[in-house]
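Student: I am new to this structure and would like to go through it by question and answer. Please start once it is shown.

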Amino acid sequence: MDPRAHVRRFDHIGITVADLDSVTAFFVGLGLEVEGTGSVEGEFVETVCGIPGAHCEIAMLRPPDGGTRLELATFVTPDHVPGSPLAMANELGLRNVSFEVGDLQAAVDAVTADGYGLIGGIGEYENSVRMAYVRGPEGIIVSLFEQIG
């Protein structure tokens, strides 16, 4: 193993949200499973986040294949700071979380029925993949893609 290769595996992506229950429900609706929930406070989280008095509620979600997880966190204290809920793909920072789905149109129809919509349209790339960006709860951009051909 290359001694410069510090990373062993991709563990999770963390997203800070205001309404933990509704955002968790959105991702569970897409097919993720709740692996666990909990509360974190005290010296550890204050040190890691650099926020005195930090107290978070967390939901850890995992895809059916057991791959990279999604951590959703909401701050009990201090109050969360608003982000850019209408950010577009060219705004600097983390812009989307992406999932492969079995049937893109069915997935888009399901999130649309729950009140979430497409940012643009459904695109197809070189007869290999169809993809769409959906604006989920709290402005989270969710990339859904389907392998084709």
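Student: Is Cys56 buried or exposed?
Tutor: This is a predicted model, in which local features need pLDDT of at least 70, side-chain atom pairs count only at pLDDT 80 or more, and totals for chains, interfaces and linings use all residues. Residues are numbered from 1 along each chain as its sequence is written, and side-chain values use heavy atoms, with hydrogens and water left out. Buried means under 20% relative accessible area, exposed over 50%, and partly exposed in between, with a 1.4 Å probe and protein chains only. Cys56 has a relative accessible area of 4%, so Cys56 is buried.

Student: How many disulfides does the structure hold?
Tutor: A disulfide is a pair of cysteine sulfur atoms within 2.5 Å. The sulfur of Cys56 is 5.4 Å from the closest cysteine sulfur, that of Cys49, which is too far for a bond. The number of disulfides in the structure is 0.

Student: What is the relative accessible area of Cys49?
Tutor: Cys49 is in no disulfide either, the nearest cysteine sulfur being that of Cys56. Cys49 counts as partly exposed, at a relative accessible area of 37%.

Student: In which helix is Glu46?
Tutor: Helices (H or I, at least four residues) and strands (E, at least two) are DSSP runs, numbered from the N terminus. Glu46 is partly exposed, with a relative accessible area of 31%. The run covering residues 43–49 holds Glu46, and that run is helix H2.

Student: Which residues is Glu46 in contact with, leaving aside neighbours within four places in sequence?
Tutor: Contact means heavy atoms within 4.5 Å. Beyond four places in sequence, Glu46 is in contact with Ile51, Pro52, Gly53 and Ala54.

Student: Which residues make up the covered face of strand E5?
Tutor: E5 spans residues 97–100, and its uncovered face holds Ser98 and Glu100. The covered face is Val97 and Phe99.

Student: In what sense do E5 and E9 pair?
Tutor: Two strands pair if DSSP finds at least two bridges between them. Ser98 stands opposite Ser143 in E9. E5 and E9 have 4 bridges, and their sense is parallel.

Student: Is Glu146 buried or exposed?
Tutor: Glu146 lies in strand E9, residues 141–147. Residues that Glu146 touches include Val101, Gly102, Ser128 and Val129. The relative accessibility of Glu146 is 13%, so Glu146 counts as buried.

Student: Which backbone nitrogen does the side chain of Glu146 reach?
Tutor: A polar contact is a pair of N or O atoms within 3.5 Å; within protein, one must be able to donate a hydrogen and the other to accept it, and residues adjacent in sequence count only if both atoms are side-chain atoms. The side chain of Glu146 comes to 3.1 Å from the backbone nitrogen of Leu104.

Student: How far apart in sequence are the parts that Arg130 and Glu146 tie together?
Tutor: A salt bridge is a side-chain nitrogen of Lys or Arg within 4 Å of a carboxyl oxygen of Asp or Glu. Arg130 forms one with Glu146, the closest N and O atoms being 3.1 Å apart. Arg130 is in strand E8 (residues 129–135) and Glu146 in E9, so the separation of these parts is 16 residues.

Student: Which strands does the salt bridge of Arg62 with Glu33 tie together?
Tutor: The closest N and O atoms of Arg62 and Glu33 are 2.4 Å apart. Arg62 lies at residues 55–62 and Glu33 at residues 33–41, so the strands tied together are E3 and E2.

Student: Which residues are linked in a network of salt bridges?
Tutor: Arg62 also forms a salt bridge with Glu35, with closest N and O atoms 3.7 Å apart. The network links Arg9, Asp11, Glu33, Glu35, Arg62 and Arg69.

Student: Within what arc do the buried residues of H3 fall?
Tutor: In H3 (residues 104–113), the buried residues are Leu104, Ala107, Val108 and Val111. The arc is that of the directions from the helix axis to the C-beta atoms. Seen down the axis, these residues line one face of H3, because they fall within an arc of 95°.

Student: Which residue caps the N-terminal end of H3?
Tutor: A side-chain oxygen of the capping residue lies 3.2 Å from the backbone nitrogen of Gln105. That residue is Asp103.
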